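Please keep the sequence and the model in view while reading.

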Amino acid sequence: NRDIRKLLSYCPTFDNRDIRKTTQASETIRKSSSKIMTQFSVLANSSAAARVNQGVSSLTQMGIKAARSVASQVKQKMEGQKAAQQEKRQQQQEQKSAAAAAVDAKEFEQALNEAEKATTGADQTMDRGAAANNDDAAATAAAATTTTTS
C-alpha cells in the first residue's frame, strides 16, 4: 500500500483519492438545466417571442397612460378642493370683517349719539347758565339804576 501511495503521489492521473462521486439527481439537474437553457434561447429568438414582447410592451404602455390619467384627475380634484377651501376661508374672513365693521359702525354711531347728547345737554346747561347770568346782570343793572336815581 505504501508503495502504491508513493507511486500515485507522483502520477496525479492515477490518483483518485480526492474524487467524489456525484449523485444521480445532481447529474440529472445539470443535464436538464442545459436542455432548458437551449430551449429558452430558441424561444427567445422565435417570432412568437417577439409578438409576446410587443404585447407586453403595449400593455405596459397602456398601464402607464392609465396611471398618468388617474394621477392627473386626482391632482385636479385635489387642487379643486384646495381652491374651494381657500375660497371658503376667504368668505369666512370677509364675513368676520364685515361683522366687525358693522359692530364698529354701531359703536361709532353710539359714540356720536352720546357725544351729541353730551354737547346738547351742555349747551342747554350753558344756555340756562347764560340766562341766569343775564337775569343777574339785568337785576344788577336795575339795582344800579335804582340806586343812582335815588
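How many salt bridges does a search of the whole structure find? The search finds 1 salt bridge, a term that stands for a side-chain nitrogen of Lys or Arg within 4 Å of a carboxyl oxygen of Asp or Glu.

## Basis of the model

This is a predicted model, in which local features need pLDDT of at least 70 and side-chain atom pairs count only at pLDDT 80 or more, while totals for chains, interfaces and linings use all residues. Residues are numbered from 1 along each chain as its sequence is written, and side-chain values use heavy atoms, with hydrogens and water left out.

The average pLDDT of the protein chain is 76, and 66% of the residues score at least 70; pLDDT is the predictor's confidence in each residue, from 0 to 100. Where pLDDT is low, the predicted coordinates should not be read in detail.

## Overall fold and surface

The protein chain contains 3 helices and 0 strands, where helices (H or I, at least four residues) and strands (E, at least two) are DSSP runs numbered from the N terminus. Along the sequence the pattern reads α-α-α.

Of the 150 residues in the protein chain, 1% are buried, where buried means under 20% relative accessible area, exposed over 50%, and partly exposed in between (1.4 Å probe, protein chains only). The chain exposes about 13,900 Å², of which carbon and sulfur atoms supply 57%; such areas come from the Shrake-Rupley method with a 1.4 Å probe, and for residues only the protein chains shown count as cover.

## Helix α2

Helix α2 (residues 24-44) has 21 residues, which at 1.5 Å a residue should span 30 Å, and its end C-alpha atoms are 30 Å apart, in agreement; the expected span is 1.5 Å times one less than the number of residues. Because the number of its residues that are buried is 0, α2 lies largely in the open.

The salt bridge joins Arg-30 and Glu-27, whose closest N and O atoms are 3.3 Å apart. Both residues lie in helix α2, 3 residues apart, about one turn of the helix, and Glu-27 counts as partly exposed at 31% relative accessibility.

## Polar contacts and a nonpolar patch

Ser-33, also in helix α2, is partly exposed at 36% relative accessibility, and a polar atom of its side chain lies 2.9 Å from the backbone oxygen of Arg-30. In helix α3 (residues 47-149), the side chain of Thr-60 reaches the backbone oxygen of Val-56 at 2.7 Å, and Thr-60 is partly exposed, with a relative accessible area of 44%.

Ile-36, Met-37, Phe-40 and Leu-43 make a nonpolar surface patch of about 430 Å². Patches are made of residues with over 30% relative accessible area and no salt bridge, with like charges joined within 9 Å and nonpolar side chains (Val, Leu, Ile, Met, Phe, Trp, Tyr) within 5 Å.

Methods:
A polar contact is a pair of N or O atoms within 3.5 Å; within protein, one must be able to donate a hydrogen and the other to accept it, and residues adjacent in sequence count only if both atoms are side-chain atoms.
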